[in-house]
Amino acid sequence: MAQLLGRWRRHGSRQGAVDLAAGIRLLVLDGRLPAGTALPPERELATAVDVSRTMVAAALERLRADGLVVSRRGAGSWVAVPDGPVTDHGLTDGDPHVIDFARAVPSAIPGIEAAAAAALPRLVAELGGHGYYEQGHPDLRERLARRYTERGLPTGPDEILVTNGAHHGLAMALRLLVGPGDRVLIEQPTYPNAIEAVRAAHALPVPVAMTDEGWDLEGVEATLRQAAPRLAYLIIDFHNPTGHQLDVPGRERLAAALRRARTPVVVDETQLELDLRAEPVALPPLGAFAGDLVLAAGSAGKSHWGGLRIGWLRASAEVVNRLLAVRRGLDLGSPVLEQLLFAELLDADPADLVERRRELARRRDALADAVRHWCPDWTFRVPDGGLSLWCRLPEPSGTRIAAVAQNFGVRVVPGSFFAPAGGLERWLRLPYTLPVADLADAAHRLSLAAVSVAETRASITDNGLIPVT
């Protein structure tokens with residue numbers, strides 16, 4: 001417990017009990033100390049954290065008042081689930097909030113409010129109908145199909161299925177194409193929620209390691225031959241978390257390998273719009289090379305706003321029809337208002353999206369500068385797009401740093417989350433989606449957590465249930 005607390009004292013000796021209570025509170029609220037966990041006796045805890053027993057007793061009394069700790073004479077103390085809301089007293093006096101580096105998602109694009117106002121009159125016209133569009137609203141499907149055609153992949157509305165986010169689309173594809181025990185080829189590292197989706201389908205993720213330059217296409221070809229996966233899941237545009245983008249020759253080679261193996265692939269295009277170069281480079285979609293084997297999954301979450309929960313799959317009309325049959329066992333369509341709103345956004349002046357890219361580029365550069373300053377022994381490449389830096393640590397301490405960083409007010413995802421069997425302990429993903437001031441503060445706090453880990457040599461433990469996006 002002392003190792004998990006790390007450097008818990010922030011306010012000086014006069015507020016030691018407040019700081020100790022705040023450190024334990026963070027461990028409880030972040031799942032590091034689950035409900036029912038027995039706490040050590042006051043005397044033992046005081047010895048472990050090198051404070052007086054009186055201070056420990058005062059800290060536990062504060063936690064009991066919040067309902068986070070229950071004590072009974074003769075039975076000791078243990079972690080409890082509070083009946084009501086808990087006030088987070090742990091980050092005050094210059095530490096106003098926990099910096100969330102787990103969710104690599106920016107805030108809403110400026111045009112959301114105007115698009116919502118424009119969509120409301122169209123919603124009125126829908127109110128006389130039943131409101132169910134299992135495949136998606138025709139206007140939105142028409143606009144999405146046009147975008148693929150403009151990218152070099154002729155597409156009709158019948159080849160678009162609107163979903164509740166790209167992850168929903170992946171789940172439907174897995175339900176359609178994969179059975180229990182089947183193999184699914186993925187990159188390593190890859191999006192953690194995709195790993196969980198594969199496991200939820202009772203399938204086996206088969207990883208192919210990324211290289212410093214991007215994809216190991218020879219490894220992909222060998223895995224397709226030897227493992228015979230039923231499906232592949234790949235992120236070839238500003239890969240999450242590395243930021244790599246597969247070039248045209250690479251897409252041609254990958255498509256050829258998929259065609260030889262007859263392996264369908266879900267291509268995650270959620271970060272496609274986040275090209276941060278001064279002159280964005282439009283590359284043809286993989287479907288232009290691999291045809292009907294490709295199910296392209298897109299989303300409004302990263303480009304416009306995660307709260308929209310609107311995504312889509314682009315696939316052949318035959319596959320879309322099969323997906324519709326699968327969908328009836330999951331849901332009956334996406335919300336009409338959100339679809340109308342997103343259709344307005346797709347028709348809107350692109351200036352807001354251009355400004356989003358400029359701001360993300362500015363934040364990327366600011367975070368890179370902050371990491372170089374506060375963590376000079378961490379290395380990374382500055383990506384051309386996407387939402388995060390993939391940082392290599394000097395030692396395999398990613399999970400330890402992520403665990404201790406919560407005590408410094410930073411929630412960050414270790415590299416082990418991005419692999420199906422753990423590992424990647426030399427890596428951390430740092431998103432640059434927050435304001436510049438928060439990014440600099442987070443880099444500073446992470447440097448303190450890294451020093452704390454180096455000093456305590458805390459053992460690697462489970463990092464709790466951190467929601468990742």
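Q: Which side chain does R314 join through a polar contact of 3.0 Å?
A: The partner is T155, side chain to side chain. Bear in mind that this is a predicted model. R314 sits in strand β10, residues 311-314.

Q: Is R314 buried or exposed?
A: Buried means under 20% relative accessible area. R314 has 5%, so it counts as buried. Leaving aside residues up to four places away in sequence, R314 touches Y148, L153, P154, T155, E159, I160, V294, L295 and A296.

Q: In what order do the strands run in the open sheet that includes β10?
A: First the general idea. Strands of a sheet pair through backbone hydrogen bonds, in a parallel or an antiparallel sense. Here seven strands are ordered β4-β10-β9-β8-β7-β5-β6, and the pairing is mixed. β4 (160-163) and β6 (204-209) are the edges; each has a single partner strand, so one side of each lacks a neighbour in the sheet. From one strand to the next, the twist averages 20°.

Q: In what sense do β7 and β8 pair, parallel or antiparallel?
A: Parallel, over three bridges. β7 covers residues 231-234, and β8 covers residues 265-268.

Q: What is the strand order in the open sheet of three strands?
A: The order is β11-β14-β13, with antiparallel pairing. β11 (388-392) and β13 (413-414) are the edge strands, each pairing on one side only. β11 and β14 (residues 427-431) pair over five bridges, in the antiparallel sense. Within this sheet, W390 stands opposite R429 of β14.

Q: At what angle do helices α7 and α12 pack?
A: Two packed helices are described by the angle between their axes and the distance between the axes. For α7 (residues 166-177) and α12 (residues 317-327), the angle is about 95° and the axes are 9 Å apart. That makes α7 roughly perpendicular to α12.

Q: Which residues make the contact of α7 with α12?
A: α7 supplies H168, M172, A173, R175, L176 and L177. α12 supplies V319, R322, L323, V326 and R327. By type, the contact residues divide into seven nonpolar, one polar and three charged.

Q: How many of the 11 residues of helix α9 are buried?
A: Eight, so α9 (residues 217-227) is largely enclosed by the rest of the structure. The buried residues are L217, G219, V220, E221, A222, T223, L224 and A227. They pack against β5 (183-188), β6 and α10 (248-261).

Q: Which residues does a cis peptide bond with omega of about 5° join?
A: Q188 and P189. P189 is in the loop between β5 and α8 (192-200). The peptide bond from N240 to P241 is cis too, with omega near 25°. P241 is in the loop between β7 and α10.

Methods. Residues numbered from 1 in each chain as written. Predicted model: local features only at pLDDT ≥ 70, side-chain atom pairs only at ≥ 80, totals over all residues. Heavy atoms only, no water. Axes fitted to C-alpha atoms, helices over the stretch in contact; angles between N-to-C directions. Helix = DSSP H or I, 4+ residues; strand = E, 2+ residues; numbered from the N terminus. Parallel < 35°, antiparallel > 145°, perpendicular 65-115°, else oblique. Contact = heavy atoms within 4.5 Å. Nonpolar A, V, L, I, M, F, W, Y, C, P; charged D, E, K, R; others polar. Buried < 20%, exposed > 50% of the residue type's maximum accessible area, 1.4 Å probe, protein only. Polar contact = N/O pair within 3.5 Å; in protein donor to acceptor, adjacent residues only side chain to side chain. Pairing = 2+ DSSP bridges.
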